[in-house]
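Trainee: Could you take a close look at one part of this structure and walk me through it?

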Amino acid sequence: MSEATEGSGAADARGADTLYVRFLLPPMYEALLPRLIGLLQEFSPTVEALPPDAALVDVRGARRYFGRGAVELAALIRVRALARYGVDCAIGAGPGPMLARMAARGAAPGVTRAVPEGPDGAREFLAGRPVGELPGIGRATARTLCAYGLDSLDKVAAAPLSTLQRLVGARAGRELSEKARGVDRARVAPNAAARSLSAEQSFPRDELDPFRHRRALLSCAEELGAGMRGQGQVCRSLTLTVRYADRSTTTRTRALPEPTAHSTALTAAAYRMYEALGLQRARVRALALRAEGLGPAGRAAHQLTFDPADDKARRIEEVADRARAKFGPGAIVPGTLAA
């Protein structure tokens, strides 16, 4: 595997057409990802966001337009991310999304790892790697393959297709055989739906007041709910991150009873996670919520409660969303936040 560091003058991997960019975001800064995605779109319109901190970029057109190779483009991306946002990144370059991901694994800040060019580059890159490193291979599949002596990708590539299909199934065996030989049929999917959505509230000074903590959580939950409803999505889990005065953080994740974008349900879940932390006069610097496991709202099931208060709250929420769409996000806010 070839490595190139910024300004090193190392040979570029001219065969690479995909970059896997992992932004080294500090805790609580996941909300920067949309801006960083915008930075990547200055190089290529084919960018797939991989929240909370990564993205895939198809640079085939960018190589021709800028007259630079993939590693050189990666260096430009790194310089701009540092200059504009103070965010470094680790980048993998390869002939497809799978190999670019694998190249980026373990890459240090300031380093772009590239799959060797040439017809045998992918085979050289994969040779000797544990089978568990292949994307899409779970622990159970890896154990099954290792039990039959197929513990490295070169051994899997050399195994007969019929053997792999007997071990893991017809379709999975065919895909496994192709991937182990470096054949990647996946493509970068531009404008893919985000898998998570973040909202953050920072305090101008260390905040000890639980009321202000809860108010910040309410604001985050309202922002997340409105954002998901505007995109026609719901989330399956919620993650709370608390950053303290000494820059340490506490993170908790809770699965929701049902997929939802209802602000009231999100707020209740956030409050429960906050109360479970049992913070005693904690000096909090910032609070963040992240909605995870996003999916289409039309495919989500909702358990009817026959609760008039819940139905009323949802109808009010629909009216408020229409008002915000027409007059701006601050047109209607909860009374606690208006204060």
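Mentor: Leaving aside residues up to four places away in sequence, Asp184 touches Gly96, Pro97, Met98 and Leu99, where contact means heavy atoms within 4.5 Å. This is a predicted model, in which local features need pLDDT of at least 70 and side-chain atom pairs pLDDT 80 or more, while totals for chains, interfaces and linings use all residues. Residues are numbered from 1 along each chain as its sequence is written, and side-chain values use heavy atoms, without hydrogens and water.

Asp184 belongs to the loop between helix 9 (170–180) and strand 7 (196–207); helices (H or I, at least four residues) and strands (E, at least two) are DSSP runs numbered from the N terminus. Asp184 is buried, that is, under 20% relative accessible area, whereas exposed is over 50% and partly exposed lies in between (1.4 Å probe, protein chains only). Asp184 has no salt bridge, which would need a side-chain nitrogen of Lys or Arg within 4 Å of a carboxyl oxygen of Asp or Glu. The nearest side chain of opposite charge is that of Arg187, 5.7 Å away; Lys and Arg count as positive, Asp and Glu as negative, and His and the chain ends are not counted.

Elsewhere, the charged end of Arg214 sits over the ring of Tyr271, 3.9 Å from its centre, and Arg129 lies over the face of Phe125, 4.1 Å from the ring centre. Such a charge has NZ of Lys or CZ of Arg within 6 Å of the ring centre and within 35 degrees of the ring normal.
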